[in-house]
Amino acid sequence: MRARQLPYNRPDIGEEEIAAVEKVLRSGWITRGSATAEFEHVLEEYLGVPRVVALSSCTAALHVALLVAGIGPGDVVLTTPLTYAATVNAILYVGATPQLVDVDDDTGNLNLDLAERAITSRTRAIVPVHYGGQAVDMEKLGEIGQDHHLTIVEDAAHALGSRYQGRLVGTFGHLTAFSFYATKNVTTAEGGALVVPDGIDVEKVRRVSSQGMSKNAWMRYAAAGTWRYDVTELGFKYNMTDIQAALGLAQMKKLAVMQDQRRRLAEQYHKQLEGLPLKRPFAQPGCDHAWHLYPIRLRLGDLTGTRDDVIELMKAARIGTSVHFIPLSHHSYYQARFGWKVGDFPVADQFFSEVLSLPLYPAMTPEDVDEVATVLGEILRGMAR
Ligand SMILES: *Cc1c(COP(=O)(O)O)cnc(C)c1O
């Protein structure tokens with residue numbers, strides 16, 4: 001057993017982040033201001049896109065994306081059951097009707113053939129999730145979107161740095177929402193960003209994210225600013241703060257190094273888990289996996305125990321794990337509201353019963369990975385049928 005707990009996740013916060021946040025705290029301007037503007041600029045440069053708006057969360061970014069795309073009551077939005085509540089909640093915030101479509105067994109991403117078959121005259125948008133950092137088939141998704149005149153809003157919470165056929169997620173011309181939540185590949189503690197493609201008014205995105213006001217606080221309080229403003233529509237309080245942005249700027253400087261560490265640790269898992277009764281995640285040919293998650297799938301037919309048993313035994317060995325995700329159709333609120341139930345999405349349901357995310361983050365060492373793989377191997381051998 002480990003002497004120390006190996007947490008499921010730990011953000012990679014160093015002296016650079018601490019110094020950057022301290023600088024903002026001492027500056028006299030702590031909410032949205034120059035650091036947030038700079039963070040947006042760094043994201044634009046990294047992705048190679050003209051417009052990124054930093055927001056308070058990915059949930060906010062998804063909400064605003066659907067709003068500015070004009071999705072609302074009466075519209076049906078297709079999404080995956082294998083995601084976090086944020087994805088479907090954003091659809092509900094705009095008053096649209098979510099329709100779940102089962103996932104692809106290999107990747108855990110939305111099954112695009114099923115999605116295309118589910119389209120009706122009421123379908124207005126698709127919200128795919130790049131599960132774990134594996135990009136959705138963007139070519140096929142783009143064709144479906146064009147053929148059926150649908151808005152695509154990408155939930156790219158796991159996919160900063162993911163590439164599909166060499167192109168970064170966020171550059172395919174769709175509204176794309178990233179997350180900087182504590183566990184994500186780049187963190188601002190809480191935070192998100194929206195890539196605003198051509199054809200969408202970036203000023204509208206900014207207005208809707210700041211109470212529908214014609215000017216934000218930074219402009220109002222700046223020396224050259226004026227106290228007058230007008231509320232021109234209903235908006236929300238979704239701005240990022242400079243404290244968060246300072247964290248994000250320090251993180252972006254380390255992104256390449258952090259991604260390399262994730263990739264190397266994932267490769268080590270891949271080697272060390274070979275031969276065990278489980279399916280390992282993989283990167284599709286031509287695509288760079290962002291390795292936000294390392295979700296393994298247990299071959300339950302070869303085991304006497306369940307996924308939950310494995311979690312408990314890992315925990316007893318002081319190793320944290322997680323599950324991505326409890327399908328949306330298993331939650332009581334959505335069941336009561338939409339009549340969804342366990343069994344409605346057989347691939348996602350099966351996926352859920354088998355899946356277990358192993359710890360994977362840049363602060364881990366190769367020795368940590370070795371230990372996780374060794375402990376897991378012992379547990380699974382103890383459960384062999
Ligand atoms: C983390 C996550 C979100 C939400 O991100 P927040 O920044 O916490 O709002 C949305 N979708 C998926 C798939 C996530 O994992």
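Is K279 buried, exposed or partly exposed? With a relative accessible area of 28%, K279 is partly exposed, where buried means under 20% relative accessible area, exposed over 50%, and partly exposed in between (1.4 Å probe, protein chains only). The structure is a predicted model, in which local features need pLDDT of at least 70 and side-chain atom pairs count only at pLDDT 80 or more, while totals for chains, interfaces and linings use all residues. Residues are numbered from 1 along each chain as its sequence is written, and side-chain values use heavy atoms, with hydrogens and water left out.

The side chain of K279 meets that of D105 in a salt bridge, at 3.9 Å from N to O; a salt bridge is a side-chain nitrogen of Lys or Arg within 4 Å of a carboxyl oxygen of Asp or Glu. This pair links distant parts of the chain, since K279 belongs to strand 10 (residues 278-279) and D105 to the loop between strand 3 (97-100) and helix 5 (112-118), 174 residues apart. Helices (H or I, at least four residues) and strands (E, at least two) are DSSP runs, numbered from the N terminus. D105 is partly exposed, with a relative accessible area of 34%.

Across the whole structure, 20 salt bridges are found. One of them joins R26 to E22, with the closest N and O atoms 2.7 Å apart. The two residues are separated by about one helical turn, because they stand four residues apart in helix 1 (residues 15-27). R26 is exposed, at a relative accessible area of 67%, whereas E22 is partly exposed at 36%. A salt bridge also connects E40 and R206, whose closest N and O atoms are 3.2 Å apart. E40 lies in helix 2 (residues 34-47) and R206 in helix 7 (residues 202-208), so the pair ties together parts that are 166 residues apart in sequence. E40 is buried, at 4% relative accessibility, while R206 is partly exposed, with a relative accessible area of 25%.

Strand pairing was examined around strand 5 (residues 151-155), where five of the five residues are buried. In a regular strand the side chains alternate between the two faces of the sheet. Both faces of strand 5 are covered, with T151, V153 and D155 buried on one side and I152 and E154 buried on the other. Strand 4 and strand 5 run parallel and are joined by two bridges; two strands pair if DSSP finds at least two bridges between them. I126 has I152 in strand 5 as its bridge partner. From strand 4 the chain passes through helix 6 (residues 138-147) to strand 5 in a right-handed β-α-β crossover, meaning that, with the strands pointing away from the viewer, the path from the first strand over the helix to the second runs clockwise. Strand 5 also pairs in the parallel sense with strand 8 (residues 175-179), over three bridges, and E154 stands opposite T176 in strand 8.

T123 is located in strand 4 (residues 123-127) and is buried, at 5% relative accessibility. Its side chain reaches the backbone nitrogen of T120 at 2.9 Å. Not counting residues up to four places away in sequence, T123 touches V76, L78, A118 and L150, contact being defined as heavy atoms within 4.5 Å.

G192, in strand 9 (residues 192-195), is buried at 0% relative accessibility. With residues up to four places away in sequence not counted, the contacts of G192 include V53, A54, L55, F178, F180 and M240. The C-alpha atoms of G192 and L356 are separated by 26 Å, and the two residues are 164 residues apart along the chain.

Helix 14 (residues 366-382) has 17 residues, which at 1.5 Å a residue should span 24 Å, in agreement with the 24 Å between its end C-alpha atoms; the expected span is 1.5 Å times one less than the number of residues. Its buried residues include D368, V369, V372, A373 and L380. Among the elements covering the buried residues of helix 14 are helix 10 (255-272), strand 10, strand 11 (294-298), helix 11 (307-316) and strand 12 (355-358).

Terms used
Polar contact = N/O pair within 3.5 Å; in protein donor to acceptor, adjacent residues only side chain to side chain.
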